[in-house]
Amino acid sequence: MTNIIGDIRDQIRSVVRKAMAAATEKGLLPDISVDEIIVEAPKEKEHGDFSTNIAMLIVKKARKAPVQIASILIDNMDFTDTYIERAECAGPGFINFFLDRSWLYDTLRIISREREDYGRINIGQGSKVMVEFVSANPTGPLHMGNARGGALGDCIASVLQAAGYDVTREYYVNDAGNQIEKFGMSLEARYLQLLKGEDAVEFPEDGYQGEDIIDHMRDYIEEYGDKLLNADPEQRRRELVDYALPRNLERIRKGLESYGIHYDVWFSEQSLYDSGEFEETINYMEDKGLLYEKEGAKWFKATDFGAEKDEVIIRNNGIPTYFASDIAYHRNKFEKRGFDRVINLLGADHHGHVARMKAAVKALGVDPAKLDIVIFQLVRLFKNGEIARMSKRTGRAISLDDLLEEVGRDAARFIFNTKASGSHLDFDLDLAVRQSNENPVYYVQYAHARICSMLRLLDGEGISVPDADEVDLTLLAAPEELDLIKKLAEYPDEIRISAQTLEPSRLTRYVTDVASLFHSFYTECRVKGEEESLMKARLLLVSAVKTVIKNVLDILSISAPERM
RNA sequence: GUGCCUGUAGCUCAGCUGGAUAGAGCAACGGACUUCUAAUCCGUAGGCCAGGGGUUCGAAUCCCUUCAGGCACGCCA
């Protein structure tokens, strides 16, 4: 639960504020108020461990040159009870801080103490967050887009958990409405075609073309024969849907499970109708005067709440739209279940939904800032160097199950989380399958396996990882060692930023950096066979690296193999 | 036509709440295994940050504009 980088930033801010106050008191600077003092880690080592640009930001108010301000501040700084060793003015007016190495040694003590909890922070303070993701129509198998959304959503949820939120993972099952009708028509058409021949009935134009629909009906016929051949069509469709829908859902659930995703709640759209919540919501909106009639349909005044156009809620045939039940669903999330914050993941092809959903939430009297909609860009699949087109209509999409079979869970989850959600993702199937250095996931896993191997070997000689207080950590002084520890120290702050930006892709980059620094350390520094006190210190370091890699991979739900 | 996303090394992408000399991986080239896992490491090379204007001490980052690609503009979801 310790974020040492965060603590040091706070130390620096406090030192700067006190220096400003002291300088003001001596009449060297006017009384200047600043909202936030920016402390960042410079790229160049010569620029110290941390730096601030405060002197350049207050030039106007101070009516002095930035370099002059910086030196005044530095002269008035007090480093007592901080990790700061010295500060320097550099460049156009930066103040660079150089830290005492003890902060790195403290980092190792923290990791050794917190272990699997290292990296956990508490910015969430236990507030209730729902992450709703994938939520694909249960009318067919999951595809590549769902695979990206799944990896992203699940990792966002895990990162938020690590950041101290009380997270619920939820899948919204669209088991009501239009697409279920279409699903029923498609099943019925295939059913009749299988029994009476291709030409017996025409397949609905906008029906689901996928092979899976036919498979369902083959299975159904095998089990129940032609008993629905002369049944009432509505009855027949219902029966076929009742047969196929649970099977699809089960397949989806299993697929996601083997992808490492476990939901807390599977929320049925139909349940909103059955419980009366849907009607309540419409009545509520009606009472608030949020709805109006036009051309026989019922509209929501979304434009009153910042959207670009109004939206139909109830069609002129009396059937509610998807949006209508989604409003009821969000009322349920916020009002009935009391989530402090709701995060929905949506593919870029649904981004039009953002403005109207925000408007709806606002209309319900909920602060729209409590609703985050993460839009992720679509996936382009490459195979044999060319784009493998995935079309849902022709049913020739590559499914999640195919992906897991070909690529495997670890590589798929890693690759989907290497890119920020906003960037388009080219998924190279050939590369993902390759078990080589071109595939980044193995680079990280290899570092972990390598460490396990070292620990195993030493353990065989009766040498185990020591406690931090029985080790002289100051023996760790090589640049490879110090750089590595510094990287380990950043981990809790990485969690913080990933949680705040909802971007777990930072973590794949971070853990790759850790692995890289470890591999460099490994080639430069030996552990086994070194003089005992140095060996112990390095052993503790190596064990800390293992802890951090394992913790990150756990968040990503990627395995951390002990042997490779 | 309107809105959203994207444009950075040969390729895939970081950096985008403005900061110091623009980074990483892969590919290319040259090196390193009698010692804890070479699925590794070290080095070299590679750039008008799509183009053009602006804002300021300072712009890949903010604003305007042009161009290119993706997506969406339905009483589908």
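Residues are numbered from 1 along each chain as its sequence is written, chains are lettered from A and ligands numbered from 1 in the order in which they are written. Local features need pLDDT of at least 70, side-chain atom pairs count only at pLDDT 80 or more, and totals for chains, interfaces and linings use all residues, while side-chain values use heavy atoms, with hydrogens and water left out.

**Confidence**

The predictor's confidence in each residue is given as pLDDT, from 0 to 100. Chain A has an average pLDDT of 93, and 98% of the residues score at least 70. Helices (H or I, at least four residues) and strands (E, at least two) are DSSP runs, numbered from the N terminus. Among the elements of chain A, the highest mean pLDDT, 98, belongs to strand β6 (residues 166–173), and the lowest, 72, to strand β14 (residues 386–387). Over residues 391–395 pLDDT stays under 50, and the model has 6 contacts (heavy atoms within 4.5 Å) for them beyond four places in sequence. Where pLDDT is low, the predicted coordinates should not be read in detail.

**Domains and their interface**

An automatic or database domain assignment provides the domain bounds. Chain A is divided into domain 1 (4–100), domain 2 (178–250) and domain 3 (437–556). The centres of domain 1 and domain 3, taken over C-alpha atoms, are separated by 32 Å. Their contact takes 6 residues from domain 1 and 6 residues from domain 3. About 440 Å² is buried between domain 1 and domain 3, with carbon and sulfur atoms giving 45%; buried area is the accessible area (1.4 Å probe) that two parts lose on being put together, summed over both.

**Salt bridges**

A salt bridge is a side-chain nitrogen of Lys or Arg within 4 Å of a carboxyl oxygen of Asp or Glu. By this rule the model has 38 salt bridges, and 3 salt bridges are found across the interface of domain 1 and domain 3. Two examples follow.

| Salt bridge | Closest N and O atoms |
|---|---|
| Aspartate 483 and lysine 45 | 3.0 Å |
| Arginine 13 and glutamate 36 | 3.8 Å |

Arginine 13 lies in helix α1 (residues 4–25) and glutamate 36 in the loop between α1 and β1 (39–40), so that the pair links distant parts of the chain, 23 residues apart.

Two strands pair if DSSP finds at least two bridges between them. An open sheet is formed by 4 strands in the order β1-β2-β4-β3, with antiparallel pairing. Because β1 and β3 stand at the edges, each with a single partner strand, one side of each is left without a neighbour in the sheet. Strand β3 (residues 84–90) is joined to strand β4 (residues 94–99) by 6 bridges. Alanine 90 has phenylalanine 94 as its bridge partner in β4, and alanine 87 has phenylalanine 97. The hairpin of β3 and β4 has 3 residues between the strands, and glycine 91 takes a positive phi near 60 degrees there.
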